[in-house]
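Visitor: Please pick one part of this model and take me through it closely, along with what surrounds it. I have not seen the structure before.

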Amino acid sequence: MKKFMMYNITFSVLFLITIYFISEVYWTHYDYEKKKYYYYNKLLEDSVNTVVLGSSHTKFGIILSNFEMNLAKDSQNFYYDLKLLEKYRGKIRKKALIILPISIQSFYNSKNKEIDNGYINILRKENIKNINIINYILKGKFSIFFPPTNFFRLFSSINDKINKFYYYPPNLEENIRKIESVETVESHLGIKKTLERNYLFKNAEQDFINLLNYIEDNNWRYVLITTPFSYLYNENIEKYQPGAFKERIYDNIKEVEKKLNKKFVYLDYSHDERFENHLEYFFDDDHLNEKGAKYFTEILLEDLKKLGYEFE
């Protein structure tokens, strides 16, 4: 009986250790959503000149060199922009440029817990909202088995040829994009409350101010931008909430400028003619594909140089 118990205990310990190390390998090398942060962890101190923040619009829409940081993440808000800057503060040089995107939903946080769970293995527990210690450990240290569905995702991820950080989904047919655009817009405007992520109430202004204060305290420069959107997205936004760009972006920027008594550098590409009617640059209605991202990055860097920002 004792031998049997010892065998079970030994097997259980070895099993947990194995799962721990497989999970570690998975998120550092095969989890396309998180492995870039593992790479950034290894960058030298004071080595980064340019940092991109924001959500999927800049995650997919801006392609920098391997020695810069694109900290954008799906549905990322100002709060997590700040926490990521705090995490990588030592890697970022003084006078570095922080590219800070503003979109329709930026000032209207979603309270979806899956957004918070996405920062496990990226941020420390105390910096993640709505997470308990048990979930933090299980989803972090034993991620391939918690939740159990992750075990099946492991194999599909390893065999997946699409690296979501460097490559982008193929273009969708225009009629499919039109249908999907309605759902996207309803979510971003908070119209359909049953959607997984909706942005109905303005609740992120103070997070934005905290982020700006932290950037300035560290002597970093910053530029606000809005990435290009297709005519499908822009027309549906205007259809469901006339004047939404003014109300949800431009007026909020002006309001913070007034509160802080300063004028921001803001580059608005939301209706840029070089992109808006060219669906070949998008993989859906509001996200640039690889071709569009390369083109937009060239334009953005050139515009920044004209404003006096230098890049190595």
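Guide: Of the 312 residues of the protein chain, 51% count as buried, where buried means under 20% relative accessible area, exposed means over 50%, and partly exposed lies in between (1.4 Å probe, protein chains only). The model is predicted, so local features need pLDDT of at least 70 and side-chain atom pairs count only at pLDDT 80 or more, while totals for chains, interfaces and linings use all residues. Residues are numbered from 1 along each chain as its sequence is written, and side-chain values use heavy atoms, with hydrogens and water left out.

The part to look at is strand β1, residues 48-52. 5 of its 5 residues are buried, so β1 is largely enclosed by the rest of the structure. β1 pairs with two strands, and pairing here requires at least two bridges found by DSSP. With strand β3, residues 92-101, β1 forms 4 bridges in the parallel sense. Within that pairing, Thr50 stands opposite Leu97 of β3.

Lys95 lies in β3 and has a positive phi of about 70 degrees, although Lys95 is not a glycine. Lys95 is exposed, with a relative accessible area of 55%.

Ser106 sits in the loop between β3 and α5 (113-117). Is Ser106 buried or exposed? Ser106 is buried, at a relative accessible area of 12%. Apart from neighbours within four places in sequence, Ser106 is in contact with Phe78, Pro101 and Ala204. A polar atom of the Ser106 side chain lies 2.7 Å from the backbone nitrogen of Ser103. The C-alpha atom of Ser106 is separated by 9.3 Å from that of His188, 82 residues away along the chain.

Asp284 lies in the loop between β5 (266-268) and α12 (290-306), and its relative accessible area is 14%. The side chain of Asp284 has a polar atom 3.1 Å from the backbone nitrogen of Asp286, and a polar atom 2.8 Å from the backbone nitrogen of His287.

Finally, a helix pair. Helix α9 (residues 205-217) packs against helix α11 (residues 244-260) at an angle of about 55 degrees, with the axes 11 Å apart. Among the residues that make this contact are Phe208 and Leu212 of α9, and Val256 and Leu260 of α11. In the loop between α9 and β4 (221-226) is Asn219. Asn219 is partly exposed, with a relative accessible area of 40%, and its phi is near 60 degrees, a positive value in a residue other than glycine.

Notes:
Polar contact = N/O pair within 3.5 Å; in protein donor to acceptor, adjacent residues only side chain to side chain. Axes fitted to C-alpha atoms, helices over the stretch in contact; angles between N-to-C directions. Contact = heavy atoms within 4.5 Å.
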